[in-house]
Amino acid sequence: MRITFTMEGGIAYFPGLSRPVTIDSSELLKQEASELERLVEAARFFDQPATTGPPARGAADYYQYTITVEVRGRQHTVRVTDLVEDAGLQVLLRYLRAKAKALRAAARTPPSPEHPDKPE
Amino acid sequence: MRHMMKDDPTTTVGSTVNGLARLFSQPRSRLYCILPPHMLESIAQNGTPQQRSRALQTLAIDHTLRALRVAPSSAAPATRRRPGMLMLAEGQKRRTISDARHDQNLPGSVVRAEGAPPTGDPAVDEAFDGLGATYDLFWDAYDRNSIDDEGMPMDATVHFGQDYNNAFWNGERMVFGDGDGELFNRFTISIDVMGHELTHGVTEDEAQLVYFFQPGALNESMSDVFGSLVKQYMLKQRADQADWLIGVGLFTAKVNGVALRSMKAPGTAYDDPVLGKDPQPAHMITLSIPSGTTAAYTLIQASPIMPSTLLPHGWADTLGRRRAVSGTRCCAIRD
């Protein structure tokens, strides 16, 4: 399974946080990979609409997230904001944000060769 | 002078609608209008430069029109429900702070209401004080009674989400994350950020700018200027003493940067291996929007946030100095 995750918006634009992050489950430890599959399934990701509609009038500075999941020949893209109410998508978003953060942190401290997948 | 900026609240929106009409009258947009958004996005990502530009333009219109549809009153003259002058004799704050307890469901549970003593939780108490400082600027300097000038309660939620690196306005309340501790501290730490978020409410009440592209950027710009004025008023600073930075204190010590944005010296706020380099251009002519980006309002606000570039000789500068030095009551847009 391959997930592409992009964050846009927020109170400030940061080039480093706006680049898409790609997560390939084949590169994850087995336990994390199956946890990710479970999150995608629990979110009923492939049944979710492509967008959840515009947020409330006047809302500003929220993040917009674009999540694309490719698995076994299927592909689906969902765009949501911080105001998403679906509990399953909220949990998936929480994982993706944390994962993106860990991957981006590598830009500050390159992983040591002995522990390439060492979490933060 | 009072409420001068309210005399013609539809001007900006009217211009936006005219601009959209002009865009739609261009034949080249027609094809893209019938394509579904995901296809446009695909073109925007993978097409030739010309295709990309057209697709992005159409996406912009599409999003803008959707925003307009959810804001049916935006083109109609605003009817004020303001009570009589007597009721405005005294500005009364009505603040309520709620705690999301690291969940993402709003509003959370109430932890401090008007009149209650400090809780000892910095996020709660900073939010409470920040709402107060913002209220004070708008009331003392502009006779504006809260967000809607009708004494609207000021609500905020703190501890939103887990490691949430942001603050936003959901249309009704301010929402603050605690930051992840890696890049960002809690978002209540910076008083101008609180002023920024509340000003989104003021802008929505006055102008109903659609939250996309240039109107979105103007919306952001107004929030930055008034966010900074909240801080300047609290510190009793003159405009030339102010740092005109947004978000001082938000970055952790690991980040190489001083703030989210600098209105004095755009493009110099941060340069960090993880966040990248502050891309804020000082002038619209140097604006470059990254390809595929559809929500970089805070980037394209660049030019208006530099007070000396929007109107002759720095209206925000004049506004800030007047208020701080002479106490003259003045009004933003037309001064």
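Start at Ala239(B), which counts as buried because 21 C-beta neighbours lie inside 10 Å. The cut-off for a buried residue is 20 or more. Keep in mind that this is a predicted model.

**Stop 1: around Ala239(B)**

From C-alpha to C-alpha, Ala239(B) and Val175(B) are 28 Å apart in space, and 64 residues apart in sequence.

Stay in the loop between helix 7 and strand 6 of chain B and pick Lys236(B). Is Lys236(B) buried or exposed? Lys236(B) is exposed, because 9 other C-beta atoms lie within 10 Å. Check the backbone of Lys236(B) too: phi is near 55°, a positive value in a residue other than glycine. Most residues other than glycine have a negative phi.

**Stop 2: the loop between strand 1 and strand 2**

Select the loop between strand 1 (95-99) and strand 2 (109-113) of chain B, where Pro107(B) has its place. Which kind of peptide bond joins Leu106(B) and Pro107(B)? The bond is cis, with omega about 5°. Most peptide bonds are trans.

Arg101(B) is also in the loop between strand 1 and strand 2 of chain B. Its phi is positive, about 50°, although Arg101(B) is not a glycine. Arg101(B) counts as exposed because 12 C-beta neighbours lie inside 10 Å.

**Stop 3: the domains of chain B**

Colour chain B by its domain assignment: domain 1 (4-75), domain 2 (94-203) and domain 3 (213-326). Look at where domain 2 touches domain 3. Here 21 residues of domain 2 of chain B are in contact with 24 residues of domain 3 of chain B. On the domain 2 side, helix 5 (122-142) and helix 6 (191-206) of chain B are the elements that give two or more residues. Helix 6 of chain B gives the most to that side, with eight residues. By class, the domain 2 side has nine nonpolar, nine polar and three charged residues.

**Stop 4: helix 6 against helix 7**

Hide the rest and keep helix 6 and helix 7 of chain B. They pack at an angle of about 130°, with their axes 7 Å apart. That angle makes helix 6 of chain B oblique to helix 7 of chain B. The crossing of these two helices is right-handed.

From helix 6 of chain B, residues including Ile191(B), Val193(B), His196(B) and Thr203(B) take part. They meet a set in helix 7 of chain B, among them Asn219(B), Met222(B), Phe226(B) and Met234(B). How do the residues of this helix 6 and helix 7 contact in chain B divide? Six are nonpolar, nine polar and three charged.

**Stop 5: chain A meets chain B**

Finally, bring chain A into view. The contact takes 34 residues from chain A and 39 residues from chain B. On the chain A side, strand 1 (2-9), helix 1 (15-18), strand 3 (63-71) and helix 3 (87-105) of chain A each supply at least two residues. Select helix 3 of chain A: the largest share of that side, six residues, comes from this helix. Colour the chain A side by class, and the residues divide into 18 nonpolar, eight polar and eight charged.

Technical notes:
Residues numbered from 1 in each chain as written. Chains lettered and ligands numbered in written order. Predicted model: local features only at pLDDT ≥ 70, side-chain atom pairs only at ≥ 80, totals over all residues. Domains from an automatic or database assignment. Contact = placed C-beta atoms within 7 Å. Helix = DSSP H or I, 4+ residues; strand = E, 2+ residues; numbered from the N terminus. Nonpolar A, V, L, I, M, F, W, Y, C, P; charged D, E, K, R; others polar. Axes fitted to C-alpha atoms, helices over the stretch in contact; angles between N-to-C directions. Parallel < 35°, antiparallel > 145°, perpendicular 65-115°, else oblique. Left-handed = near helix turned anticlockwise from the far one by under 90°.
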